[in-house]
Amino acid sequence: MLDTISRGNGSASKFNEKMDDTGTDMSALVKDAQSLLTAAASLTGTKADELRERGMRMLDAALGQGRKYQDQAMVKGKELAHTADVYVKDNPWRTVAVAAGAGLLLGVLLGRK
């Protein structure tokens, strides 16, 4: 069922890869901004002000990117939810069978402990 959903909306793995890459980029951007702000804290004068401003711009950019990717994730999540809803409506008995099988498997696993 999940394969059908991901095939219906394109590759979910590509989306996950983009999100992972984005997380890495965001972490690097925040670390760079933190090191700039740390360096600026030990300096005084014009150079310190420049470093602080640059660090703040980097943090603002990181926050903007975060909001952008959050919005994209929300849209993708809504698309996946809609696709799942359509699948369940088109295949109610298959969905019931899968849910019953998962419940049975979970019951067996929990009953063993």
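Buried means under 20% relative accessible area, exposed means over 50%, and partly exposed is in between (1.4 Å probe, protein chains only). I'm jotting that down before anything else.

**Ground rules.** I'm working from a predicted model, where local features need pLDDT of at least 70 and side-chain atom pairs count only at pLDDT 80 or more, while totals for chains, interfaces and linings use all residues. Residues are numbered from 1 along each chain as its sequence is written, and side-chain values use heavy atoms, with hydrogens and water left out.

**Overview.** I looked up the secondary structure and got 4 helices and 0 strands. Helices (H or I, at least four residues) and strands (E, at least two) are DSSP runs, numbered from the N terminus. How much of the chain is buried? Of its 113 residues, 13% are.

**Salt bridge.** I searched for a side-chain nitrogen of Lys or Arg within 4 Å of a carboxyl oxygen of Asp or Glu. That rule gave me 1 salt bridge. It joins the side chains of K89 and D85, at 3.3 Å from N to O. Both sit in helix 3 (residues 46-90), 4 residues apart, or about one turn of the helix.

**Helix 3, end to end.** I checked its span, expected to be 1.5 Å times one less than its number of residues. For the 45 residues of helix 3 that makes 66 Å, and the end C-alpha atoms are 66 Å apart, so the two agree. Buried residues in helix 3 include L51, M58, T83 and Y87.

**The core.** A nonpolar core is a set of buried Ala, Val, Leu, Ile, Met, Phe, Trp, Tyr and Cys residues joined through side-chain atoms within 4.5 Å. The largest one has 5 residues: A33, L36, A40, L51 and M58. Helix 2 (12-42) gives the most to this core, with 3 residues. I also looked up A40: leaving out residues up to four places away in sequence, it touches A48, L51 and R52 (contact means heavy atoms within 4.5 Å).

**Helix 3 meets helix 4.** Helix 4 covers residues 92-112, and it packs with helix 3 at an angle of about 105°, their axes 5 Å apart. Axes are lines fitted to C-alpha atoms, for helices over the stretch in contact, and angles run from 0 to 180 degrees between N-to-C directions. The pair is therefore roughly perpendicular, a label for 65 to 115 degrees. Among the residues making the contact are Y87 and K89 of helix 3 and P92 of helix 4.

How values were computed
Angles under 35 degrees count as roughly parallel, over 145 as roughly antiparallel, 65 to 115 as roughly perpendicular and the rest as oblique.
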